[in-house]
Amino acid sequence: MSTQALLPHLAWIAVDWGSSNLRAWGLDEHDQVIAHASSDKGMLALTADQYEAELLRLVGDWLPTGSQTTVLVCGMAGARQGWLEAAYLPVPTPLDQLSQGAVKPALKGKHLSVYILPGLSQTLSGASHFDVMRGEETQLAGLLSDQDNFSGLVCLPGTHAKWALLEAGSVNGFTTYLTGELYQLLASQSVLKHSVSVDSLDDVACREIFIAAVQEIYKAPHAFSSRLFGLRAQDLLDSSLPTGTKRGAVLAARLSGLAIGLELSSACRQQPDDQSITLIGNQALCQRYTLALNAIGYQTSNMDGDTAVLAGLCLAHRALKA
């Protein structure tokens, strides 16, 4: 829903269009947010010919009469199954040049001028290592809002966690881990569904179990599969575990720790432990990854995911105008 209508100072509109949701921000000429709207009409709910109507439904009341408003879009609207495919840019890619790969969908109306940003792709010759991202590149670009030559390792936790190596404001390489999806599959569709319950680290015991599991599998990633079944066996045999729902929560924390620890065993293996890792995402996930990274000796800094994507869209808009 829209938070404001009739915006006389509207200069342009920023849009993050994901698989399940879309979010739009109205900005003035100083890139200050003057309105915000969202809906559940993500890529999965739309066909290509429905995007324009949905966008107008969301932001139509903001638009000035008699002029055309620029809209900059990142995310799944640029996917092959989205509004219009914006071809991936191969890494290495300078993050302040994303707008050079933007595409413009043909529109029925005359109120909007829409640019859809591309994602990034990676193909490592001879390594069978293919990877793509779409949407996360704009969050990474948000880091440049404060440091235009940002360098370092960045993690974007999520269903498909992304780890990107940035050098002087350019993405030089990245890797995706299906950690969140793997956890959900194991917790809901494997034998472990009989053992785990709500996954929360609010309880001290759950945090301790989570940290121990991260450290355990980080040291022995080859044992991941056996540790998974061991979790089920522990539920059946370990009388020291609490009873009731707390028992399932403790085991869920262990499963989460094993899954994230396995990810870190690969993503951090070559990273010097005296260098901080930047996390971009929602507060809860970043806190969980901070716990995990601290447990194996790494320090972190965090950037809110919404702040990052909006800053990245502003960077792309400034480049588009230049």
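This is a short talk on a predicted model, taking strands, a helix, some backbone details and the open spaces in turn.

First, the ground rules. The model is predicted, so local features need pLDDT of at least 70 and side-chain atom pairs count only at pLDDT 80 or more, while totals for chains, interfaces and linings use all residues. Residues are numbered from 1 along each chain as its sequence is written, and side-chain values use heavy atoms, with hydrogens and water left out.

Let me start with strand E1, residues 12-17. Helices (H or I, at least four residues) and strands (E, at least two) are DSSP runs, numbered from the N terminus. Six of the six residues in E1 are buried. Buried means under 20% relative accessible area, exposed means over 50%, and partly exposed is in between, with a 1.4 Å probe and protein chains only. In a regular strand the side chains alternate between the two faces of the sheet. Here both faces are covered. Trp12, Ala14 and Asp16 are buried on one side, and Ile13, Val15 and Trp17 on the other.

What does E1 pair with? Strand E2 is one partner, antiparallel, over six bridges. Two strands pair if DSSP finds at least two bridges between them. Ala14 has Trp25 in E2 as its bridge partner. E1 and E2 make a hairpin, with four residues between them. Strand E4 is another partner: six bridges join E1 to E4, and these two run parallel. There, Trp12 stands opposite Thr70.

Now helix H1, residues 51-59. Which of its residues are buried? Tyr51, Glu52, Glu54, Leu55, Leu58 and Val59 are. Ala53 and Arg57 are exposed, on the face turned away from the buried side. As a reminder, an α-helix has 3.6 residues a turn, so residues three or four places apart point the same way.

What do the buried residues of H1 pack against? They pack against strands E1, E2, E3, E4 and E7. Contact means heavy atoms within 4.5 Å. Take Leu58, in H1. Its relative accessible area is 5%, so Leu58 is buried.

Next, a second sheet. Three strands form an open sheet in the order E5-E8-E9, with mixed pairing. E5 and E9 are the edge strands, each pairing on one side only. E5 and E8 run parallel and are joined by two bridges. Pro90 stands opposite Ser121 in E8.

On to the backbone. The peptide bond from Val91 to Pro92 is cis, with omega near 5°. Pro92 sits in the loop between E5 and E6. Two residues other than glycine have positive phi: Asp31, near 65°, and Ala168, near 50°. Asp31 lies in the loop between E2 and E3. Ala168 lies in the loop between E11 and E12. Are they buried or partly exposed? Asp31 counts as buried because its relative accessibility is 18%. Ala168, at 48%, counts as partly exposed.

Last, the spaces. Both kinds come from a 1 Å grid over the protein atoms alone: a cavity is a set of points where a 1.4 Å probe fits but cannot get out, and a pocket is an open set with protein on both sides within 12 Å along at least five of seven lines. Lining residues have an atom within 4 Å of a point.

The largest pocket holds about 1200 Å³. It is lined by 37 residues, and Gly18, Ser19, Arg134, Glu136 and Gln139 lie nearest its centre. E1, E2, E9, H2, E13 and H8 each supply at least two lining residues. By class, that lining has 12 nonpolar, 15 polar and 10 charged residues.

How many cavities of 30 Å³ or more does the search find? One, across the whole structure. The largest cavity has a volume of about 30 Å³. Its lining is Glu52, Leu56, Leu107, Gly109, Lys110, His111 and Leu112. Glu52 is also among the buried residues of H1.

Conventions
Points joined across faces, edges and corners; volume = space filled by probe spheres on them. Nonpolar A, V, L, I, M, F, W, Y, C, P; charged D, E, K, R; others polar.
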